[in-house]
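Please keep the sequence and the structure in view while reading.

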Amino acid sequence: MLSGDLILTILFIAQIGVGLLGNSILLMLYVTIFISHHQQKKITDLILTHLTVANTVTLLTQTTPGMVIAFRWENSPDDFGCQVNSYIRRVVRGLCICTTCLLSSFQAVTISPSNSGWVHLKHQVPRLILPAFIIFWIFNLLVEMNVLKPIVDNKNVTISISGDSRKNCTSIFYLNKINNSSYVTAKTFRDVFFVLLMSWASGYMVLVLHHHRRQVQHIHTSSQTHKASPVTRTTQTILLLVTCFVSFYCISSSISLFLNFIKMDDMTLYDPLSFLGACYAFLCPWVLISSDPRISRLKSIF
């Protein structure tokens, strides 16, 4: 194994191991709260639970093609296995986009001033969370259905990977050019719409927090220390999550566009692309764990 492959292998193992550990801790926290600590439950916990499950599946499916390349396994999954893996990976990727957008939009409505036009939605939004999940699942399952279509016959096509000819899930997927215009349009509309919506919600939250901070400065004297409220801390955490998501999304999308416009004889750039695709799922749980005081309160339970 080459030094570059060894580094990638270590990165993939660390990413999936540490990421799954963080998501497992969060899932235990939310399950414990839902079962026996209702008084500590927050409305956003349901959204975060859904996001944590999607992140877990993302780590398991997104990392698989990269591990196949890094380990140079001879017995790669067959075409059907690659299709199913790609389908699941893309569905949960869409769910991550939708759920992160729902989280930021929900928090934007929650912290909106009482004199804003969003005040009438504050009591209605919690009841719309479960219906939103159902819509997200149906929408993403249908949008990505094209991935399950019979792939192009590429039995005799091989991709050169550092001098070796290997057939792997990544090469199979990218050799199967998706020319369905409705599929591309639906995916583009979904990504652009939800990314723009979560960006707008984040910008709105920044303005609300800035306005609130200015009001607090007028109330409190300079000699007094003002501790951020739980709502403010939650909002700041969500803003950090959205920033991480949009950053990784823009980087991976740029690389994907670059790969679509060039012809390559190897899969060199697909390794970092796979790694970047799971970075949000890797970082998200640790951002939430570091900002949630309930983690330390529930240590005694375990």
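## A residue and its surroundings

Phe245 has its place in helix H7. The model in which it is seen is a predicted one. Is Phe245 buried or exposed? Its relative accessibility is 7%, and because buried means under 20% relative accessible area, Phe245 counts as buried.

Which residues does Phe245 touch, apart from those up to four places away in sequence? They are Cys96, Ile97, Thr100, Val195, Met198 and Tyr280. Phe245 and Cys96 are 149 residues apart in sequence, while their C-alpha atoms lie 9.1 Å apart in space.

Tyr280 has its own set of contacts once neighbours within four places in sequence are left aside. Among them are Leu51, Asn55, Thr100 and Leu241, as well as Phe245. Cys244, Phe248 and Pro285 are also in contact with Tyr280.

## The largest nonpolar core

Phe245 and Tyr280 are among the residues with the most contacts inside the largest nonpolar core, together with Ile47, Phe136, Met198, Leu241 and Leu288. This core has 53 residues. At least two of its residues come from each of H1 (3-36), H2 (44-71), H3, H4, H6, H7 (230-261) and H9 (279-291). Which helix gives the most to this core? It is H3, with twelve residues.

## The second largest pocket

The second largest pocket holds about 390 Å³ of space. Its lining consists of 20 residues, and those nearest its centre are Leu102, Ser105, Phe106, Val125 and Leu197. H3 (79-110), H4 (129-143) and H6 (181-219) each supply at least two residues of this lining. The largest share again belongs to H3, which provides six residues. By residue class, the lining divides as follows.

| Class of lining residue | Number in the second largest pocket |
|---|---|
| Nonpolar | 19 residues |
| Polar | one residue |

## The chain as a whole

The chain has ten helices and two strands. Along the sequence, they follow the pattern α-α-α-α-β-β-α-α-α-α-α-α. Of the 302 residues in the chain, 46% are buried. Where contacts join residues at least 6 apart in sequence, 84% of them link residues at least 24 apart. The accessible surface of the chain comes to about 16,100 Å², and carbon and sulfur atoms account for 67% of this area.

Notes:
Residues numbered from 1 in each chain as written. Predicted model: local features only at pLDDT ≥ 70, side-chain atom pairs only at ≥ 80, totals over all residues. Heavy atoms only, no water. 1 Å grid on protein atoms, 1.4 Å probe; cavity = no way out; pocket = protein on both sides within 12 Å on 5 of 7 lines; lining within 4 Å. Points joined across faces, edges and corners; volume = space filled by probe spheres on them. Helix = DSSP H or I, 4+ residues; strand = E, 2+ residues; numbered from the N terminus. Nonpolar A, V, L, I, M, F, W, Y, C, P; charged D, E, K, R; others polar. Core = buried A, V, L, I, M, F, W, Y, C linked by side-chain atoms within 4.5 Å. Buried < 20%, exposed > 50% of the residue type's maximum accessible area, 1.4 Å probe, protein only. Contact = heavy atoms within 4.5 Å. Areas by Shrake-Rupley, 256 points an atom, 1.4 Å probe, with all protein chains shown as cover.
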